[in-house]
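Subject: Handover of a structure and the findings made in it

Dear colleague,

Please find the structure below, together with its sequence. An account of what was found follows it.

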Amino acid sequence: GKGTITVRTFRHDGMFAIAVADTGSGIPPEILERIFDPFFTTKPVGQGTGLGLSISYGIIKSHDGRIEVSSTPGEGTEIRILIPTNLQGA
């Protein structure tokens with residue numbers, strides 16, 4: 001079926017934030033706790049390396065930011081990227 005993707009930008013607690021939400025199938029809790037693990041993937045062997053979210057997490061952490069994920073199976077997922085507004089050298 002068709003779903004909805006919503007992208008928002010805002011400021012929160014001295015941080016710039018980008019939130020991307022969908023109305024998809026959601027992420028089961030047992031998978032959600034592993035999505036930032038290097039080499040974790042739900043794709044079949046030989047399709048995907050499982051590094052995308054791990055690399056993204058590392059880049060955001062190196063800028064003193066964070067990624068927050070909330071998901072409800074059957075309802076959708078929201079990923080929020082928060083980066084401090086006072087980045088040094090930016």
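Is Glu78 buried or exposed? Please keep in mind while looking that the model is a predicted one. Glu78 has a relative accessible area of 18%, and because the limit for a buried residue is under 20%, Glu78 counts as buried.

The salt bridges

The side chain of Glu78 meets that of Arg8 in a salt bridge, with 3.3 Å from N to O. Arg8 belongs to strand 1 and Glu78 to strand 4, so this pair ties together parts that lie 70 residues apart in sequence.

Arg80 is itself buried, at 15% relative accessibility. A further salt bridge joins the side chains of Arg80 and Glu68, at 3.1 Å from N to O. That pair links distant parts of the chain, with Arg80 in strand 4 and Glu68 in strand 3, twelve residues apart. Glu68 is partly exposed, having a relative accessible area of 26%.

The structure holds five salt bridges. Arg8, Arg66, Glu68, Glu78 and Arg80 are linked in a network of such bridges.

Strand 2 and strand 4 (residues 76-84) run antiparallel and are joined by eight bridges. Within this pairing, Ala19 has Arg80 of strand 4 as its bridge partner. Arg80 therefore takes part in the strand pairing and, through its side chain, in the salt bridge with Glu68, while counting as buried.

Which residues make the nonpolar surface patch? They are Ile5, Val7, Ile18 and Val20, and the patch covers about 370 Å². Strand 1 (5-12) and strand 2 (15-22) each supply at least two of its residues. Val20, which lies in strand 2, is partly exposed, with a relative accessible area of 36%.

Leaving aside its neighbours within four places in sequence, Asp22 is in contact with Thr4, Ile5, Glu75, Gly76 and Thr77. The C-alpha atoms of Asp22 and Pro44 are separated by 23 Å, and these residues are 22 apart along the chain.

Gly50 is located in the loop between helix 1 (29-32) and helix 2. Gly50 is buried, with a relative accessible area of 16%. Once neighbours within four places in sequence are left aside, the contacts of Gly50 are Asp37, Pro38, Phe39, Phe40 and Thr41. Between the C-alpha atoms of Gly50 and Ala17, 33 residues apart along the chain, the separation is 24 Å.

Positive phi values in two loops

Asp13 has a phi near 50 degrees, a positive value in a residue other than glycine. Asp13 lies in the loop between strand 1 and strand 2 and counts as exposed, at 68% relative accessibility.

For Asp64, phi is near 60 degrees, which is again a positive value in a residue other than glycine. Asp64 is in the loop between helix 2 and strand 3, and is exposed with a relative accessible area of 62%.

With kind regards

Key:
Residues are numbered from 1 along each chain as its sequence is written. This is a predicted model: local features need pLDDT of at least 70, side-chain atom pairs count only at pLDDT 80 or more; totals for chains, interfaces and linings use all residues. Side-chain values use heavy atoms; hydrogens and water are left out. Patches are made of residues with over 30% relative accessible area and no salt bridge: like charges are joined within 9 Å, nonpolar side chains (Val, Leu, Ile, Met, Phe, Trp, Tyr) within 5 Å. Accessible areas come from the Shrake-Rupley method with a 1.4 Å probe; for residues, only the protein chains shown count as cover. A salt bridge is a side-chain nitrogen of Lys or Arg within 4 Å of a carboxyl oxygen of Asp or Glu. Helices (H or I, at least four residues) and strands (E, at least two) are DSSP runs, numbered from the N terminus. Buried means under 20% relative accessible area, exposed over 50%, partly exposed in between (1.4 Å probe, protein chains only). Two strands pair if DSSP finds at least two bridges between them. Contact means heavy atoms within 4.5 Å.
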